[in-house]
Amino acid sequence: MSRTVSRDSSRTDDVNVTTVLLVASNDRRKSVVVNLRRHRFSSNSWISMWSIFDFLMVLCIFIVQLSAKGTVMNTPCTIIDNCCVRNMTNFWKHKTELHCSGIQHIPVVNEIIHVLTIDDSDDIKELSEKSISPYSNLTDIILSNMKNLEYLDSSTFKKLNKLQSLYILRASVLKELSSDIFHGLSKTFLVLRISKANLRVIPDLSDLGTPTAMHIIEFEGNQLDTLPTNGIKTRAEQLLLEYNKISVVENWAFNGSEIAKLSLRGNYLDFLSEHSFDGILNLRTLDLSHSSMKVLPTSGLKSLEVLRVENAPSMTVIPSVYLFGNLKEAYLTYSFHCCSFQFPAKHDYSSYEFHKEGSQTPSECAQTKKNYNFHVVSNDFIENGYIDYANDSEEQFFNEPAITNSTQDIICGNITPPTTRSDVKCWPQPNALNPCEDIMGFYWLRVCVWLVGIAALLANVVVMLVVFRKKFNYSVPRFLMSNLAFADFCTAIYLLLLAYEDLVSSEKYFNYAYTWQNGVGCKIGGFLTVFSSQLSVFALCLLTIERWYSIRRALYTNKMTFASTVRIMAFGWVYSIVMATMPLLGISSYSTTSICLPMDTARASGMCYVFTLLTFAAAAFLLMLFCYVQIYTSLSYETRHAAKGEASVARKISVLIGTNFACTAPVIFFGFTALLGYPLIDVTKSKILLVFFYPINSCANPFLYTILTASFRREAFSTVTKVTAEYV
């Protein structure tokens, strides 16, 4: 037990952390961390009370430590040649252990040894039958931190008739085991764990699990790279081949095996054959997580109940749920794969139709049997043809077939039980940012986005054509309108890009979700919408300020010049490009949602980024509101209420303020509430604001600021006349 006390005399209270390591067994360690808070008070009575409390806590920790370690500390230990002989009373109760460290050879003791533990013995390079033979009563062998162990004789463990478990941990130079090293072992052998060695090939395991199934076979952290055809044949509750370098699993690699749980977690799995898992009986759990696999073969997985494919980003397509006959739980990488399980007909219609045709209703089934007089295959036949291990209490998972039906009827197509497959529990579940819906979510929204996008595209193209054909003549308004038109043109491209992807993936977006959200298209769309929104707001602010100067300060000479406007607008371009590029560099992300907006606020950087966008939009709106209110109030009462003439200015100001408020205020308000942790609307409804109301500005701006003005109509007519004259 160790105790670390840290005090700072300048503080009135501090925290003492006491860490106690409790060793519950030779290969398991538990850590209990107890935080003891001390408070200094001016009263001596308080100090005394807290000291007593501290003492009692330490005493409790000491008692817990003793209970966790059992009476190992008090067990008499006989030292023989750097080895300790003692009676085990905790993990292996009523067994005698020979625990050796730093030895050159295994000593011979005149006691019956059940557990042999050897660790940190660098001088031992090989083990043979001769070195183990004095201990014929061994039930458990633990070889740990054997840095120079490079050879195990094929007969090393053959005469240990009571052997139950073998642990080889961190034997870095052990590259190969004899193919027959596990032949003829004890019938009671249940646990084999070879972890963090350097094995390249798995030895023959066909003798293991006969007649009693192995509890666990583990080859974790070795150097395995290929599982060949018929390479593994065994019977085990768990076969763990985790964190190797397995990249190839050939057809029928586990042929003839009976395995309840198979884990290939942490391997490359670049190439999985179509029949990699064929030949495995009663496979209930399969773990392929933390891999670079791209395709999941389903042949041989009819009995599978639990599937784990977490953190496998390369696997973008999940097989149809109907290809898994008995699946109950799935732990996947992407939430939209769970949508595929939730809506199997939309995910893979051909598999759905095949399943539907193969499973008749009870009335149809009865009519079919009556017409064709087929016989029902009963459970008796299934049970008689199935290896019954029910009498062995050690293998409960083999007591019954993985797929059972009270009556299995071939003619009705129910060899596998009929199921709607909608009851599969799947994680990660679709969340608020990625629900199981199309990009637009609503049919009317899909139509409106097309209309707004096309209208914005055409209107802004017309403005740019007319403005660019006429020289700027150092006109500040004309220069700002051209920038505004270009920004709104980019918004129109973004809308049409979304609309097209929505049209292509309609009713089955989750099949396209990965390709779209992680592809180039979504990144381009996200860049365009952030860039255009920031540039548009910047141009609108400058246009508003220019009008404010022209009306409120008409007699002053320090107006906005063309040169100063260009410099300010250049800064706006740089700002817009920088803000649009940040999600591409990892600050927030365009791949968070289907509409490619940077909504990722899981990290502080993403939250600050979204906060900056919303704050800039809010500040810009308030600035425009202030300027237009001042412009409006500068007009006389008679002018504001006149029927014609300058009264149109007041009406235009009202329209401009109203349009900006309707398009930006809801987005800013709901954005801030969501950022503060109180979202008032979900993503489905926010799409209405983000891809319909907000982009309406891009469609309205060219009309409000350019097309509906008399000067633009004159210029447009002049441009059309010149173009016609050139080609006539």
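In what order do the 3 strands of the open sheet lie, and is the pairing parallel or antiparallel?

1. The open sheet has the strand order 13-15-17, and its pairing is parallel; strands here are DSSP runs of E with at least two residues, helices are runs of H or I with at least four, and both are numbered from the N terminus. The edges are strand 13 (226-227) and strand 17 (271-272), each of which pairs on one side only.

2. This is a predicted model, in which local features need pLDDT of at least 70 and side-chain atom pairs count only at pLDDT 80 or more, while totals for chains, interfaces and linings use all residues. Residues are numbered from 1 along each chain as its sequence is written, and side-chain values use heavy atoms, with hydrogens and water left out.

3. Strand 15 (residues 248-249) is joined to strand 17 by 2 bridges, and two strands are said to pair if DSSP finds at least two bridges between them. Val249 has Leu272 of strand 17 as its bridge partner.

4. The unreviewed UniProt entry lists several stretches as "transmembrane region", among them 609-632 and 688-708, although such annotations may be inferred rather than shown by experiment. In the model, residues 609-632 are 100% helix and 0% strand, with end C-alpha atoms 35 Å apart, whereas residues 688-708 are 95% helix and 0% strand, with end C-alpha atoms 27 Å apart.

5. Leu451 lies in helix 8 (residues 443-469) and is exposed, with a relative accessible area of 56%, where exposed means over 50% (1.4 Å probe, protein chains only).

Definitions and conventions. Buried means under 20% relative accessible area, exposed over 50%, partly exposed in between (1.4 Å probe, protein chains only).
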